[in-house]
Amino acid sequence: FPPKGGIWDHYQLSDPPSSTSNTNKDSKIPPSSPLVSIPSLHIMGKKDQLIPVKSSRCLLSSYANPTVYEHDGGHHVPMRAADTRAIMTFIDSITTTTTNIV
């Protein structure tokens, strides 16, 4: 990780964005690259050895308003009650704000 070629070449894993909000001034993505503007939830495992949190955070600058959720596990979908509540809260929040989109 990460894949090579295209937009991936612009990411530098040694310098991930410092916050989850995108200011695009610290972005490793070229200014001409469009941001993903749909609601997004980025679930990251603190013990993930396949794709570490640091690597996942490098992608956040390509999203307009990313929501990040870190769980205590590894590279899997978290299943604890608190984790699923956080995911459901995100889903509920976007369904109430996007129901009128045609």
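Guide: We can start with His-42, which lies in strand 1. The model is predicted.

Visitor: Why is His-42 called buried?

Guide: His-42 has a relative accessible area of 15%. Buried means under 20%, so His-42 is buried.

Visitor: Which residues are in contact with His-42, leaving aside its neighbours within four places in sequence?

Guide: They are Leu-60, Tyr-63, Pro-66, Thr-67, Val-68 and Tyr-69. Each has a heavy atom within 4.5 Å of one in His-42, because that is what contact means.

Visitor: What makes the pair of His-42 and Ser-40 a polar contact?

Guide: The side chains of His-42 and Ser-40 are joined at 2.9 Å.

Visitor: Where is Ser-40 found, and is it buried or exposed?

Guide: Ser-40 is found in strand 1. Its relative accessibility is 9%, and the cut-off for buried is under 20%, so Ser-40 counts as buried. Beyond four places in sequence, Ser-40 is in contact with Tyr-63, Pro-66, Thr-67 and Phe-90.

Visitor: What is the order of the elements in the protein chain?

Guide: The protein chain has two helices and two strands. From the N terminus on, they run β-α-β-α.

Visitor: Which strand holds His-71, and why is His-71 called buried?

Guide: His-71 lies in strand 2, residues 66-71. Its relative accessible area is 2%. Under 20% is buried, so the word applies to His-71.

Visitor: What does the side chain of His-71 reach?

Guide: The side chain of His-71 reaches the backbone nitrogen of Gly-73 at 3.0 Å. A polar atom of the His-71 side chain also lies 3.4 Å from the backbone oxygen of His-76.

Visitor: Which residues does His-71 touch, not counting residues up to four places away in sequence?

Guide: His-71 touches Ile-43, Met-44, Gly-45, Lys-46, His-76, Pro-78 and Asp-83. As for Met-44, it is 27 residues from His-71 in sequence, and their C-alpha atoms are 6.3 Å apart in space.

Visitor: How many salt bridges does the structure hold?

Guide: The structure holds two salt bridges. Side chains of opposite charge can pair when their charged atoms come close.

Visitor: What makes the pair of Asp-72 and Lys-46 a salt bridge?

Guide: The closest N and O atoms of Asp-72 and Lys-46 are 3.4 Å apart. The limit is 4 Å, so the pair qualifies. This pair links distant parts of the chain, 26 residues apart. Asp-72 is in the loop between strand 2 and helix 2 (81-98), and Lys-46 is in the loop between strand 1 (40-45) and helix 1 (53-57).

Visitor: How do you know that Glu-70 and Arg-57 form a salt bridge?

Guide: Their closest N and O atoms are 2.7 Å apart. That is within 4 Å, so Glu-70 and Arg-57 form a salt bridge. Glu-70 lies in strand 2 and Arg-57 in helix 1, so the pair ties together parts that are 13 residues apart in sequence.

Visitor: Why are Asp-72 and Glu-70 called partly exposed?

Guide: Asp-72 has a relative accessible area of 44%, and Glu-70 has 27%. Buried is under 20% and exposed is over 50%, so a value in between is called partly exposed. Both residues fall in that range.

Visitor: What share of the protein chain is buried?

Guide: Buried residues make up 29% of the 102 residues in the protein chain.

Visitor: Where does pLDDT stay under 50?

Guide: It stays under 50 over residues 12-25. The protein chain averages a pLDDT of 78, and 63% of the residues score at least 70.

Visitor: Why does a low pLDDT matter to a reader?

Guide: Where pLDDT is low, the predicted coordinates should not be read in detail. For residues 12-25, the model has 24 contacts beyond four places in sequence, and that caution applies to low-pLDDT coordinates.

Conventions:
Residues numbered from 1 in each chain as written. Predicted model: local features only at pLDDT ≥ 70, side-chain atom pairs only at ≥ 80, totals over all residues. Heavy atoms only, no water. Helix = DSSP H or I, 4+ residues; strand = E, 2+ residues; numbered from the N terminus. Buried < 20%, exposed > 50% of the residue type's maximum accessible area, 1.4 Å probe, protein only. Polar contact = N/O pair within 3.5 Å; in protein donor to acceptor, adjacent residues only side chain to side chain. Salt bridge = Lys/Arg side-chain N within 4 Å of Asp/Glu carboxyl O. pLDDT = per-residue confidence, 0-100.
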